[in-house]
Amino acid sequence: MSATGPGGATGVHRSGPATEASFGHGGSSVRVLPHTSGRSVAVIGVGYVGLPTAATLAHLGHRVTCGDADPAKIALLQGGRVPIVEEHLEDLVQEGQASGRLHFVVGATDAVAGAEFVFLCVPTPQAEDGSADLSYVEAVAEEIGPHLAPGTVIVNKSTVPVGSTLVVERVLGRHDVTVVSNPEFLREGTAVPDSLHPERIVVGAADQSAAARVGELFAGTHAPLLITDAATAETIKYASNAFLATKLSFVNAVAGLCEAVGADVRDVILGLGYDKRIGFEFLRPGPGWGGSCLPKDTRALVYIAEQAGYDFSFLRGAIATNEEQFVRVVDKVVRAVARTTAAPVERPAGDRLTGTVVAAWGLTFKAGTDDLRNSPAVEVVRRLVGEGATVQAFDPTVAVPAGAPSAPVTGLSSLAPPGTDDSWTASVRSFPDAYAACAGAAAVVVLTEWDEFRWLDFTTVRERLSAPVVVDARNLLDPSQLRRLGFDYTGIGRR
Ligand code: NAD
């Protein structure tokens, strides 16, 4: 294994004079390779990971062809539009297209023609048993195998279980190409600065010179490069996500403790975060963690560990704490509604919000993205409906047709846990703005930390609601301002 410090260069050699460019990171710059030293790269799968990766590689001076199985996505991209909400991404894609270094084609086969490096950025969803489903990765490997030039390096960027590099090698069926693991750490919402200025590049392979060549593709970012074996690189990705999930479960548990002992979690976090060994990052209580990665990756890691004979009970605990958090948020809504109801009736679980309209602000798993996959907001909404509520949602990225007072949320049924009944989706409608969602609702629950929610006119919000109840599952709002306006305010671990 070899590692370099920031800006260091073990295994990475930058050739020729570099040019400076600035993009989406507070004016700081990345070094762009001169056109002649760029490599020929294919990126398969232009989703939340593949597209920022491709646009970044083009920005760094490489010639990039992207292939995706979805013709509608490719048509949009060929016209310079991006199919997802991600700040700066459209500009970066258009820059790549204008430079002549970024192209989009339908399918993987055409994209890999003449490529020296092929990045696999296809989904690895959760299978029913909790393991990672490798079928997309295998399908692409099978498709491109016969079309690769000898000496091509296949770069696995999808999050895959330990040992998957060997699986891809087997499916490719080629002895003259090399497979390398290069896990991705970008965050949706900040994918462009994260890709242009990664905190580290990890490359794992048996063939260390192939790994170094992959690291060299990113030399312009000056990120520390860690070259290791494939199993270690694959483990780093899962361990990183497991740590982040654990940190969130920890702070949510601390918030629960704060409520029990009468402490204020925001000050507790301040007191914790100044300790450099702890830090402030990822210490924000919320409605539970989710998104397209943490839930599936933590479950996959528990599965991987089990298969290898290690009982990762510690991680199972973090997952269980997360499940509890969804319940805690729903309980807060139930209790707050009961407090403001003239003669509250004791109802059994599953019926505690029957006949109650609840407004939900936010559906995406975090602010800055349109991604609803495994969103904790959606999970809380599903559980509110499970208690009998009707939910009026607003999310800045969920469109309602012009002129329509409300609309169903497209694709909501696909977001329920596999095997669950999706009839709950009929009780959820999306509204065109945050005020409209509050009309006649007995409470509003803040589920995604969209900044615009902080700046609403809460006198108008109060007028729209049938009772002045706010459950702030993101600790986004100002409790004293709301209480002054007569709201019953509940946060997470907050007085
Ligand atoms: P995504 O669903 O947004 O994108 C995947 C793309 O692959 C889609 O556009 C799909 O059409 C395409 N695709 C599927 N099968 C294909 C095929 N046979 N040929 C060509 N294209 C095909 O997924 P994503 O969020 O970008 O995730 C991709 C991988 O990266 C996953 O393994 C994920 O765990 C990992 N990852 C995701 C994130 C994140 O924040 N989303 C971060 C780090 C790692």
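Visitor: Which of the 26 residues around the ligand come nearest?

Guide: A residue is near a molecule if one of its heavy atoms lies within 4 Å of it. Here Asp 68, Lys 73, Thr 124, Glu 188 and Lys 296 come nearest. This is a predicted model, in which local features need pLDDT of at least 70, side-chain atom pairs count only at pLDDT 80 or more, and totals for chains, interfaces and linings use all residues. Residues are numbered from 1 along each chain as its sequence is written, and side-chain values use heavy atoms, with hydrogens and water left out.

Visitor: Which classes of residue form the shell around the ligand?

Guide: Ala, Val, Leu, Ile, Met, Phe, Trp, Tyr, Cys and Pro count as nonpolar, Asp, Glu, Lys and Arg as charged, and the others, Gly among them, as polar. By this scheme the shell holds 12 nonpolar, six polar and eight charged residues.

Visitor: Where does an oxygen atom of the ligand lie 2.9 Å from a polar backbone atom?

Guide: That backbone atom belongs to Thr 159. A ligand oxygen is also 3.1 Å from a polar backbone atom of Tyr 48.

Visitor: What is the order of the strands in the open sheet of seven strands?

Guide: Strands of a sheet pair through backbone hydrogen bonds, either parallel or antiparallel. A strand is a DSSP run (E, at least two residues), numbered from the N terminus, and two strands pair if DSSP finds at least two bridges between them. In this sheet the order is β14-β15-β13-β12-β16-β17-β18, with mixed pairing. The edge strands, β14 (407-408) and β18 (488-490), each pair on one side only. Strand β17 (residues 469-472) pairs with β18 in the parallel sense over three bridges.

Key
Polar contact = N/O pair within 3.5 Å; in protein donor to acceptor, adjacent residues only side chain to side chain. Helix = DSSP H or I, 4+ residues; strand = E, 2+ residues; numbered from the N terminus.
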